[in-house]
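Colleague: I want to learn how to read packing and ring geometry in a model. Please take me through one.

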Amino acid sequence: IYPSDLRGKGIGFEMFQYCRQYGIKIGLKTLCLTVSEQNPSAQIAYQRWGFHKVRRSLTNEIYMEIML
């Protein structure tokens, strides 16, 4: 979340919940995202929300997904 003073206020989780609900509504089976290997705090948040690591790209991005 940018700017950084808005982090930790639940905004990212609310956006995730909206995307999750919308994905279910339109019949998606999974949500996928990429996160920088250099951003461990985001990785931890995504894992806490139920995402799991799928693979790492050649550019050091981590692919994560969650089943809906």
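Modeller: We go from the core to a helix, then to rings and strands. This is a predicted model, where local features need pLDDT of at least 70, side-chain atom pairs count only at pLDDT 80 or more, and totals for chains, interfaces and linings use all residues. Residues are numbered from 1 along each chain as its sequence is written, and side-chain values use heavy atoms, with hydrogens and water left out.

Colleague: Which residues make up the largest nonpolar core?

Modeller: The general idea: in soluble globular proteins, nonpolar side chains tend to be buried together. A nonpolar core is a set of buried Ala, Val, Leu, Ile, Met, Phe, Trp, Tyr and Cys residues joined through side-chain atoms within 4.5 Å. Buried means under 20% relative accessible area, exposed over 50%, partly exposed in between (1.4 Å probe, protein chains only). Here the largest core has 11 residues: Phe16, Leu31, Leu33, Val35, Ala42, Ala45, Trp49, Phe51, Ile62, Met64 and Ile66. Helices (H or I, at least four residues) and strands (E, at least two) are DSSP runs, numbered from the N terminus.

Colleague: Which residues of H2 are buried?

Modeller: Ala42, Gln43 and Ala45. Viewed down the axis of H2, they fall within an arc of 165 degrees, so they line one face of the helix. The arc is taken over the directions from the helix axis to the C-beta atoms. These buried residues pack against S1, strand S2 (52–56) and S3. Contact means heavy atoms within 4.5 Å. On the face turned away from the buried side sit exposed Ser41 and Arg48. Just after H2, glycine 50 takes a positive phi of about 110 degrees.

Colleague: How many aromatic pairs does a search of the whole structure find?

Modeller: A pair of aromatic rings is described by the distance of the centres and the angle of the planes. Rings of Phe, Tyr and Trp (its six-membered ring) pair if their centres lie within 6.5 Å; planes under 30 degrees apart count as stacked, over 60 as edge-to-face and the rest as tilted. The search finds seven pairs. In one, phenylalanine 13 and phenylalanine 16 have ring centres 6.0 Å apart and planes at 45 degrees, so the pair is tilted. Both lie in helix H1 (residues 11–25), three residues apart, about one turn of the helix. Phenylalanine 13 is partly exposed at 32%, while phenylalanine 16 is buried at 8%.

Colleague: Is the pair of tyrosine 18 and tyrosine 22 stacked or edge-to-face?

Modeller: The centres lie 6.3 Å apart and the planes are at 5 degrees, so this pair is stacked. Tyrosine 18 is exposed at 59%; tyrosine 22 is partly exposed at 44%.

Colleague: What does phenylalanine 16 touch?

Modeller: Leu31, Trp49, Phe51 and Ile66, not counting residues up to four places away in sequence. Phe13, Phe16, Tyr46, Trp49 and Phe51 form one aromatic cluster.

Colleague: In which sense do S2 and S3 pair?

Modeller: Two strands pair if DSSP finds at least two bridges between them. S2 and S3 pair in the antiparallel sense, over four bridges. Lysine 53 stands opposite methionine 64 in S3. Their hairpin has four residues between the strands, and asparagine 60 takes a positive phi near 65 degrees there.
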